[in-house]
Amino acid sequence: MSSELTPGRVTDLSHGVRRLVAPNPGMMTGPGTNTYIVGTRELAVIDPGPAIAAHIDAIKGAVKASVRWILVTHTHPDHSPAAAILAEACGAQLIGRPAPTTGPQDRTFIPDRVPEDGERIGSGDCELEIVPTPGHASNHLCYRHVGLNWLFTGDHIINGSTVVIDPPDGNMSDYLRSLERLAQLNCTAIAPGHGDVIQEPAKAIEDLIRHRLRREAKAAAAVADSPGATLHELVKVVYSDVNPSLHPLAERSLLAHLDKLAADSRVVRRADCWHGTASPRHS
């Protein structure tokens, strides 16, 4: 039901998992940023979202037990700015990775603890395992609910669209490696940063990998067909299936694809132009 993604409405998703949607709908955020409240006694809040007073008040109104942890998937401005405000109000511990130095980042997020790969936080119906997933953002983390085997994916996987990979902080090679890692977890559901719960995680991950590799192949072919083309020229070919009004955003992900191809020695950049290489690197 569409009401399930209505800002301000608390939706029960499973035992000990509730969702609140922030009132920040838009082209990049879909219905809005998803905030998750996990647990029934001691609580964790995942991605408090933007610093919108009404949303912060809605989170406070939804928590009927002690908030012990506030976890952030990454520090893009639609996911973490409310974290410090909520932590001060609740006395909770801030968990996540500091903001990178490049790009639009929430540098107000200063974690109390930077978790380790595989570390578990909480217990019972609020036990969450740390899964680093760089790619969309270099500091991106996913959180696996140990009891349900659900995965909270922030912007690494969202429902209804693919995400922009924006260099230099975004990295397509890292993104694909992170997807491969998530595929190995065999989770039962994905709770994304935007959109509804994804009930077929294996298929969603496989489809994302296939989509990215098809786009990569299209980028390699476009460079081979038009050596010396610029990013602006290549995007019209590689993203011919995308509305031209979105090409400025598509250029960012295309650059990430080309950077990956360059790292694989399949293309080379000279000034602002892209060229193919004689043969790929083998190792």
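**Entry 1: proline 48**

Between which strand and which helix is the loop that holds proline 48? I looked this up first in the predicted model. Proline 48 sits in the loop that runs between strand 4 (43-46) and helix 1 (53-62).

Is proline 48 buried or exposed? Its relative accessibility is 0%, so I wrote down buried, the cut-off being under 20%.

Next I listed what proline 48 touches beyond four places in sequence: Thr35, His55, Ile59, Ile70, Leu71, Val72, His79, Ala82, Ala83 and Leu86. I also checked asparagine 34, which is 14 residues from proline 48 in sequence and 8.0 Å from it in space, C-alpha to C-alpha.

**Entry 2: histidine 79**

His79 was on the contact list of proline 48, and I followed it up. Histidine 79 is placed in the loop between strand 5 (67-71) and helix 2 (82-90). Histidine 79 counts as buried because its relative accessible area is 0%.

Setting aside residues up to four places away in sequence, I found histidine 79 touching Thr33, Asp47, Pro48, Gly49, Thr73, His74, Gly154, Asp155, Gly193 and His194. With histidine 194 there is a polar contact of 3.2 Å between the side chains. I noted one C-alpha distance too: histidine 79 and isoleucine 52 are 27 residues apart along the chain and 11 Å apart by their C-alpha atoms.

**Entry 3: the nonpolar cores**

How many residues does the largest nonpolar core have? I found 20, and among those with the most contacts inside it are Ile157, Tyr175 and Ile205. Helix 3 (172-183) and helix 4 (201-225) each supply at least two residues of this core. Helix 3 gives the most, with five residues.

I then took a look at isoleucine 157. Leaving out neighbours within four places in sequence, isoleucine 157 is in contact with Leu179, Leu182, Ile190, Pro192, Gly193, Ile198, Ile205 and Leu208.

There is also a second, separate core of 19 residues, including Ile46, Leu71, Leu128 and Ile130.

What is the volume of the largest pocket? I have it down as about 890 Å³. It is lined by 38 residues, and the closest to its centre are Met28, Thr162, Val163, Val164 and Leu249. Helix 6 gives the most, with four residues. By type, the lining of the largest pocket divides into 15 nonpolar, 16 polar and seven charged residues.

The second largest pocket has a volume of about 230 Å³. Ile157, from my core entry, turns up again in the lining here, along with others including Asn159, Glu200, Lys203 and Asp207. This lining divides into five nonpolar, four polar and three charged residues.

**Entry 4: backbone details**

Which peptide bond is cis, with omega near 10 degrees? I found it going from proline 167 to proline 168. Proline 168 lies in the loop between strand 10 (150-154) and helix 3.

I also noted two residues that are not glycine but have a positive phi: asparagine 149, at about 60 degrees, and alanine 271, at about 55 degrees. Asparagine 149 is in the loop between strand 9 (141-145) and strand 10, and alanine 271 is in the loop between strand 13 (267-270) and strand 14 (273-276).

Their accessibility gave me a pair of opposite words. Asparagine 149 has a relative accessible area of 17%, so it is buried. Alanine 271 is at 68% relative accessibility, so it counts as exposed.

Conventions
Residues numbered from 1 in each chain as written. Predicted model: local features only at pLDDT ≥ 70, side-chain atom pairs only at ≥ 80, totals over all residues. Heavy atoms only, no water. Core = buried A, V, L, I, M, F, W, Y, C linked by side-chain atoms within 4.5 Å. Buried < 20%, exposed > 50% of the residue type's maximum accessible area, 1.4 Å probe, protein only. Contact = heavy atoms within 4.5 Å. Polar contact = N/O pair within 3.5 Å; in protein donor to acceptor, adjacent residues only side chain to side chain. 1 Å grid on protein atoms, 1.4 Å probe; cavity = no way out; pocket = protein on both sides within 12 Å on 5 of 7 lines; lining within 4 Å. Points joined across faces, edges and corners; volume = space filled by probe spheres on them. Nonpolar A, V, L, I, M, F, W, Y, C, P; charged D, E, K, R; others polar.
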